[in-house]
Amino acid sequence: MIVFTSICTNYAHKARTLAESVKKNIPDAKFLVCLTEREVPESMECEYFDDVILSKDMWEGNFNRYIYKHAIVEASTSVKGHFFKYIINNYPDENKFVYLDPDCFVYSDFTELRELLDTRPIILCPHLLQPGNIDMELSSTAHGVYNLGFLAVNRSEEAVRFINWWADRLYLFCYDDIQRGIFTDQKWIDLAPCFFDVEVFKHRGYDFATWSLLDCGMTKEDGEYFVKGDPLRFIHFSGYGATIEKCMNDWLPEGEHPFRELYKEYSKLHEKNNQDNVSKTPWSYSRYYSGEKIDDSLRVKYRNNNEVMFSIEDPFALDNTQMKRILNNKINTKNYQKVIESFKRDGAKSTFLKIINHLK
């Protein structure tokens with residue numbers, strides 16, 4: 001089994017914490033990190049990482065052209081589909097592949113998941129397994145029914161078909177843009193059960209998270225944790241800090257509670273792994289090569305102008321003034337051929353017609 005996460009360096013402390021929990025509880029798993037930075041810094045050295053792979057090194061096509069259009073929150077999610085393709089192709093002896101967000105923590109082996117992956121190609125966890133938390137029900141309609149802090153696939157034709165579809169959608173549309181019906185990589189997966197053979201995994205011990213707290217039924221028995229009878233496999237500490245603490249106050253009964261205990265233990269490890277202040281590391285793709293900080297409003301204009309995007313070989317070689325000038329210039333919209341050839345080289349072949357329609 002391969003377990004991987006996708007981060008920029010400012011989340012290295014979370015990835016360290018996750019990797020240690022994986023190695024402790026799933027000792028036969030390889031733990032990989034997909035890192036969206038220009039180079040691998042020394043801070044990414046960790047005894048629990050089997051490998052750290054730069055997004056640009058596993059990419060097919062012009063990575064700088066692609067990543068310029070993303071803000072940091074979008075960046076590490078936008079490469080997940082392509083990284084699944086990469087590990088399936090480059091680890092031929094592995095048959096089970098699991099993505100976990102860096103703010104997850106594993107408490108026991110993935111017994112049920114291993115068995116499912118013997119026969120089921122794609123496994124998703126819904127945000128919610130019971131009605132009643134109206135706030136979270138509304139959130140799911142906006143952000144996605146399934147939480148993409150977890151995704152598991154096996155080595156099968158159906159899984160590869162799904163990954164290729166998802167990676168293509170992320171190539172063009174992996175943005176935090178809820179008004180357009182997009183929430184990074186996650187909202188696309190609402191469609192996956194319509195198109196593919198998907199297992200909706202309703203085990204309460206997987207992907208237990210902030211949104212699970214109301215009437216969660218978590219118990220501790222002989223040192224082990226259960227959620228309404230299901231053994232706890234991993235917690236997704238999404239919203240670590242103020243958000244989780246508010247949800248604990250709002251949704252958990254007063255006094256001692258197993259989740260409060262686990263959160264306190266996780267906090268100690270989380271802070272220990274950030275003693276070098278790696279969380280303060282600036283994102284290397286937030287600046288041009290000159291050192292000038294990229295104006296995020298230009299990223300948005302750039303990603304909405306395919307003619308400009310596919311006519312610039314390396315946007316990081318420019319500056320804000322040059323990029324603004326290029327974006328404001330009128331370009332002949334009938335000259336598609338150069339754009340199409342660039343797009344072909346950048347590895348999203350199944351979406352050519354879509355890009356042409358956008359140009360028209």
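Mentor: Let's start with Ser78: leaving aside neighbours within four places in sequence, Ser78 is in contact with Tyr66, Ile67, His70, Leu170 and Cys174. Keep in mind that this is a predicted model.

Trainee: Why is Ser78 called buried?
Mentor: The relative accessible area of Ser78 is 0%, and buried means under 20%, so Ser78 is buried.

Trainee: Why is the pair Phe63 and Tyr66 called tilted?
Mentor: A search of the whole structure finds 39 aromatic pairs. For Phe63 and Tyr66, the ring centres are 6.3 Å apart, and the planes are at 40 degrees. Stacked needs planes under 30 degrees apart and edge-to-face over 60, so this pair is tilted.

Trainee: How do you know that Tyr66 is buried?
Mentor: Tyr66 has a relative accessible area of 3%; the limit is under 20%, so Tyr66 counts as buried.

Trainee: And what makes Phe162 and Trp166 stacked?
Mentor: Their planes are 5 degrees apart, with 6.1 Å centre to centre. Stacked means under 30 degrees, so the label holds. Both residues lie in helix 8, 4 residues apart, about one turn of the helix.

Trainee: How do you know that the charge of Arg299 sits over the ring of Tyr68?
Mentor: The charged end of Arg299 is 5.5 Å from the ring centre of Tyr68, so the distance meets the 6 Å cut-off.

How values were computed: Residues numbered from 1 in each chain as written. Predicted model: local features only at pLDDT ≥ 70, side-chain atom pairs only at ≥ 80, totals over all residues. Heavy atoms only, no water. Buried < 20%, exposed > 50% of the residue type's maximum accessible area, 1.4 Å probe, protein only. Contact = heavy atoms within 4.5 Å. Phe/Tyr/Trp six-rings, centres within 6.5 Å; stacked < 30°, edge-to-face > 60°. Helix = DSSP H or I, 4+ residues; strand = E, 2+ residues; numbered from the N terminus. Lys NZ or Arg CZ within 6 Å of the ring centre and 35° of its normal.
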